[in-house]
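Student: Could you walk me through reading this model?
Tutor: Gladly. Let us look at the structure together.

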Amino acid sequence: MAGLVDLVQTLTTPHALDRYLELVRPTLTVRDMRAEIITVRRDTPGSVTLTLRPTRQWRGHLAGQYVQIGVLIDGVKHTRCYSPIDVEAGSQRRLQLTVKAHPEGLVSQYLHRHAAPGMVVDLAPAAGVFTLPRVRPDKIVLISGGSGITPVLSMLRTLDAEGYRGPVAFLHYAQSPEAVPHRAELDAIAARRTNFRIALCYPELDLSEVLHGAPWSCAANPVSGFFGHEQLERVAPWFATAETYVCGPAPLMHSVREVFRGEQLEHRLHSEEFTLAAAPVDPQQVTGTTTFSASGTEARNTGETLLDQAESAGLTPEYGCRMGICFSCTSIKRSGCTRNLRTGELDSDPDQPIQLCINAAVGDVDIDI
Ligand SMILES: Cc1cc2nc3c(=O)[nH]c(=O)nc-3n(C[C@H](O)[C@H](O)[C@H](O)COP(=O)(O)OP(=O)(O)OC[C@H]3O[C@@H](n4cnc5c(N)ncnc54)[C@H](O)[C@@H]3O)c2cc1C
Ligand code: FES
């Protein structure tokens, strides 16, 4: 079969076979993986849940991983990462994504407004190391905030489906009860599984709810407010001997890391971020000019990522994840020194491909965009 496909591929050159097949049906592909949206739910204000049917190349995901989808908007393909919320499964051809509409966001707003059954998107295989180990830990703490609920919900659903018998504590932080996606399902899991403690916290309302009031929760023992040691201790007094998985906005991630650092339990903490958490730069060290030579544009180095600098200078380089995952922002650095904001590594070699979203200039730099 592979030989036949290669032969047809050669005969159809210069266009890939999939370019012809997509004229017949967008999901009729030989190599490219795609997915058709089959249902769209807008139950939670400001977010949309899509059920997709991937093409036969789909190999499934592990709870906590993410996929990249490519969405065509005004004739331009834009790639973004989303974490499936399904139970982890083999090659079952079904995938659910919950997308929060960012106020200024291009793809999330588009999906929130326009996603409809029949729409076809590009799909990349599931990736990422934010996963539960194959041999499940004896105790598990899950913590999420806002749209960071998605990978953690996949873990919770998976543990529920497997009939996991150890204690599980799930703390989720949201602006209000209405803003919690999949609330009814969380409620149902809490009702069904006495070993799962699910606490929903609304720090801005100074309010919290404990689904199905397990014995450890009562009016005298509230869990309201922002995340902190005391709160974790109340919901999961055994957390020091558990493995903890966290995904959420930077302030929540920071608080969780602080607690685990204080307890010297960093080795038990596993985290996923949706945005780049770069260390602040010392303004004294920010010098030089960033030149975007292909467009004849120059800008004073601000110490921000080269992607942010290019956008501030009015350029529109392609990007996807903005955190070094998808490589869609890769461009050629003609000259100068750059710092990788994730690893701190410096690179002074000329004519190197670099990811604009995770690199900043150190002195004069010339980028070929
Ligand atoms: C591993 C991973 C998993 C993820 N999983 C989920 C998930 O399950 N659900 C979910 O809702 N989201 C998830 N995300 C986030 C998602 O990938 C997108 O980042 C999010 O949907 C916003 O995309 P957007 O196109 O709407 O916003 P964009 O248009 O890309 O804008 C996002 C932000 O980028 C910045 N930006 C954009 N353009 C500019 C500019 N011109 N100048 C300066 N700054 C700019 C702004 O800060 C803006 O708020 C995940 C991200 C990662 C990395
Ligand atoms: S935008 Fe994804 S690697 Fe830079």
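Student: Which residue is the bridge partner of Val168 in E9?
Tutor: Start with the idea. Strands of a sheet pair through backbone hydrogen bonds, either parallel or antiparallel. Here, Val168 has Phe196 as its bridge partner in E9. E8 (residues 168–173) and E9 (residues 196–202) run parallel and are joined by six bridges. Two strands count as paired if DSSP finds at least two bridges between them. Strands (E, at least two residues) and helices (H or I, at least four) are DSSP runs numbered from the N terminus.

Student: What should I know about the numbering and the confidence limits?
Tutor: This is a predicted model: local features need pLDDT of at least 70, side-chain atom pairs count only at pLDDT 80 or more, and totals for chains, interfaces and linings use all residues. Residues are numbered from 1 along each chain as its sequence is written, chains are lettered from A and ligands numbered from 1 in the order in which they are written, and side-chain values use heavy atoms, without hydrogens and water.

Student: How many bridges join E9 to E10?
Tutor: Four, and these two strands run antiparallel. Leu200 has Glu209 as its bridge partner in E10. Four residues lie between the strands of this hairpin, where Asp206 takes a positive phi near 50 degrees.

Student: What is the strand order of the open sheet?
Tutor: Its six strands run E10-E9-E8-E7-E11-E12, with mixed pairing. E10 (207–210) and E12 (269–272) are the edges; each has a single partner strand, so one side of each lacks a neighbour in the sheet.

Student: Which strands does helix H5 lie across?
Tutor: H5 (residues 183–192) lies across E8, E9 and E10, at about 145 degrees to E9. Axes are lines fitted to C-alpha atoms, for helices over the stretch in contact, and angles run from 0 to 180 degrees between N-to-C directions. Contact means heavy atoms within 4.5 Å.

Student: Which residues have the most contacts inside the largest nonpolar core?
Tutor: Such a core is a set of buried Ala, Val, Leu, Ile, Met, Phe, Trp, Tyr and Cys residues joined through side-chain atoms within 4.5 Å. Buried means under 20% relative accessible area, with a 1.4 Å probe and protein chains only. The largest core has 27 residues, and Leu142, Leu156, Phe170, Leu186 and Ile198 have the most contacts inside it. H4 gives the most to this core, with six residues. Beyond four places in sequence, the contacts of Leu156 include Val168 and Phe196.

Conventions:
Buried < 20%, exposed > 50% of the residue type's maximum accessible area, 1.4 Å probe, protein only.
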